[in-house]
Amino acid sequence: MSNSTAGKLVTSRSELNIEDYLLSDSSINQPRGKLRLRDLLDISPTLTEAAGAIVDDSFTRCFKSNPPEPWNWNIYLFPLWCLGVVVRYCILFPLRVFTLAFGWFIFLSSFIPIHSLLKGHDRLRKQIERVLVEMICSFFVASWTGVVRYHGPRPSIRPKQVYVANHTSMIDFIVLEQMTAFAVIMQKHPGWVGLLQSTILESVGCIWFNRTEAKDREIVAKKLRDHVQGADNNPLLIFPEGTCVNNNYTVMFKKGAFELDCTVCPVAIKYNKIFVDAFWNSRKQSFTMHLLQLMTSWAVVCEVWYLEPQTIRPGETAIEFAERVRDMISLRAGLKKVPWDGYLKYSRPSSKHSERKQQSFAESILARLEEK
């Protein structure tokens, strides 16, 4: 090929305009000379999918059980694992069942006559029932071979105070109750748990709500305000996340506990997963099966910190107050904060709403790219 021919070929190639090819695509209707970077890199669908994946993964990780890594994978360890299964199921489990049954026998044989015969002596009856509830909770902890260490001053009965804690399982209440007879606000449950709620636990002033009934919110809010004003009422305990989280994260705190115009006492709970994961995934197992899982493990190891009481600051909103307390609990228990509402676990938003949120997220990223 001659030099002149090659020069013409190079010149013709250099005069080629990429817009000639891009404008032939019907998906781009920008006039010549106004082509933008966003037209060349229109990745909004990809960003939308990526945002949806990030959001979904970040949310669902808060409610996933993390099974332990298998360690019985070779011929040397497998016999030891089998021996451990025999010990846990054939020796420890029967002993724990007997311990729990013995505790229930002592509790019911004392609680029923006291609850019936001392109705005219409310103060004395409440004191004895408080001790009995603490006792049966101690038997529950013993049935898991619970190793619980408490840090900080023991809660006391005072007016205008509320205790708030992160929530991993319904056993959080049992772990805290064996130390102090709290009056807890809790979702109403069916079965034998609901029977205990409506009989025994109401004796310590517990308050129940139904998540599906909107009218319950107003009734429960009034009961909370009335309870914290009572000088002789048991300390009020609230789990402001509103659902069980897997003890790796904390989701948003509901502001109800922080609108009572009283002192808020944070409680941080951290379970050690060395022997068993204490997270209760209510979607996958009943509370009975959850207790059996704990009773057939080696032990439940837990740390509880009673943190410095907090009051709302001047100019601080209830939401900001709730976030400040959540920061304290998350830092002390080594939990990660995520900006999700725990109620989404029970009522996920519609697909159209999720798509609009994801599209808005993608457009905001594109806008920032254009600014740069």
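Leaving aside its neighbours within four places in sequence, which residues is Q178 in contact with? With contact taken as heavy atoms within 4.5 Å, the residues in question are E134, C137, S138, V141, V148 and Y150. The model is a predicted one, in which local features need pLDDT of at least 70 and side-chain atom pairs count only at pLDDT 80 or more, while totals for chains, interfaces and linings use all residues. Residues are numbered from 1 along each chain as its sequence is written, and side-chain values use heavy atoms, with hydrogens and water left out.

Q178 itself sits in the loop that links α7 (171–177) with β3 (183–187), where helices (H or I, at least four residues) and strands (E, at least two) are DSSP runs numbered from the N terminus. Its side chain makes a polar contact with the side chain of Y150 at 2.8 Å; such a contact is a pair of N or O atoms within 3.5 Å, of which, within protein, one must be able to donate a hydrogen and the other to accept it, and residues adjacent in sequence count only if both atoms are side-chain atoms.

An unreviewed UniProt entry lists residues 73–91, 98–118 and 130–150 under "transmembrane region"; UniProt positions are given in the numbering used here, feature names are shortened, and annotations may be inferred rather than shown by experiment. In the model, residues 73–91 are 74% helix and 0% strand, with end C-alpha atoms 24 Å apart, whereas residues 130–150 are 67% helix and 24% strand, with end C-alpha atoms 20 Å apart.

The next topic is the sheet. Seven strands form an open sheet of mixed pairing in the order β1-β8-β7-β2-β5-β3-β4, two strands being paired if DSSP finds at least two bridges between them. Because β1 (146–151) and β4 (207–209) stand at the edges with a single partner strand each, one side of each is left without a neighbour in the sheet. From one strand to the next, the twist averages 20°, with axes defined as lines fitted to C-alpha atoms, for helices over the stretch in contact, and angles running from 0 to 180 degrees between N-to-C directions. The strands β3 and β4 run parallel and are joined by 3 bridges, and the bridge partner of M186 in β4 is W208.

Helix α11 (residues 318–333) packs on this sheet, touching β2 (161–165), β7 (263–272) and β8 (300–306), and its direction makes about 30° with that of β7. Just after α11, G334 takes a positive phi of about 70°.

Most residues other than glycine have a negative phi. N247, in the loop between β5 (236–238) and β6, has a positive phi near 65°, but at 1% relative accessibility N247 counts as buried.

Definitions and conventions
Buried < 20%, exposed > 50% of the residue type's maximum accessible area, 1.4 Å probe, protein only.
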